[in-house]
Amino acid sequence: MTDRVLEELSDAECRRLLATAAIGRIAYTEGALPAIQPVSFAVVGAEVVIPTRRGSKVAAASRGAVVAFEVDEHDRTDRTGWNVTVVGASRLITDPVEVAALDVTGARAWAPADEPCYVAIGMTLLRGRRISLGTTRPSADTAVSA
């Protein structure tokens with residue numbers, strides 16, 4: 001029987017895994033209700049930056065609010081994988097010079113952006129976990145005695 005093992009990830013491993021993902025999900029409040037949206041992103045220093053456009057729901061809802069951001073990867077067959085969650089205050093970046101500097105990260109907004117901007121999320125809380133396959137232990141039925 002193969003056991004699955006749950007491991008809490010270090011900050012360093014969480015940051016490493018964040019850098020491997022292409023798409024994440026931002027969770028924010030819209031009209032006093034929770035909302036989640038897939039987004040492209042980049043990690044810049046101690047922030048996750050999400051390209052969007054002025055007037056988008058993500059830009060409007062994230063302005064100064066505490067939001068959550070999550071990335072993951074999983075294997076449906078083995079039921080293994082990992083996830084990383086970032087929680088922190090958000091800020092809207094609209095200054096053209098700052099936007100141009102962030103454009104070099106390669107992250108692109110999902111929808112066309114006539115007025116591009118970025119939402120930055122501070123990594124106030126960074127958590128991750130991994131579920132992996134553990135060791136194979138013989139069951140009582142297959143154990144042999146010497």
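How many helices and strands are there in the chain? The chain holds 3 helices and 9 strands, where helices (H or I, at least four residues) and strands (E, at least two) are DSSP runs numbered from the N terminus. The structure is a predicted model, in which local features need pLDDT of at least 70 and side-chain atom pairs count only at pLDDT 80 or more, while totals for chains, interfaces and linings use all residues. Residues are numbered from 1 along each chain as its sequence is written, and side-chain values use heavy atoms, with hydrogens and water left out.

Along the sequence, the elements follow the order β-α-β-β-β-β-α-β-β-α-β-β. The radius of gyration, taken over C-alpha atoms, is 19 Å, well over the 15 Å that the globule rule (2.2 Å times the number of residues to the power 0.38) gives for 146 residues, so the chain is more spread out than a compact globule. The C-alpha trace spans about 75 × 35 × 25 Å along its principal axes. Of the 146 residues, 34% are buried, a term that stands for under 20% relative accessible area, with exposed meaning over 50% and partly exposed in between (1.4 Å probe, protein chains only). Among the contacts (heavy atoms within 4.5 Å) with a separation of 6 or more, 72% are made by residues 24 or more positions apart. The accessible surface, computed by the Shrake-Rupley method with a 1.4 Å probe, comes to about 8,900 Å², and 55% of this area belongs to carbon and sulfur atoms.

Strand β8 (residues 116–122) is mostly covered, with 6 of its 7 residues buried. Two strands are taken to pair if DSSP finds at least two bridges between them, and β8 is joined to strand β5 (residues 47–53) by 7 bridges in an antiparallel arrangement. Within this pairing, Val-48 has Ile-121 of β8 as its bridge partner. Strand β7 (residues 80–93) also pairs with β8 in the antiparallel sense, over 4 bridges; here Leu-92 stands opposite Val-119, and Ile-93 stands opposite Tyr-118. In a regular strand the side chains alternate between the two faces of the sheet.

Arg-79 counts as exposed because its relative accessible area is 55%.

A positive phi also occurs at Ala-32, where the value is near 70° in a residue other than glycine. Most residues other than glycine have a negative phi, and most peptide bonds are trans. Ala-32 lies in the loop between β2 (23–30) and β3 (33–40), and this residue counts as exposed because its relative accessibility is 70%.

Although Asp-95 and Cys-117 are 22 residues apart in sequence, their C-alpha atoms are 7.9 Å apart in space.
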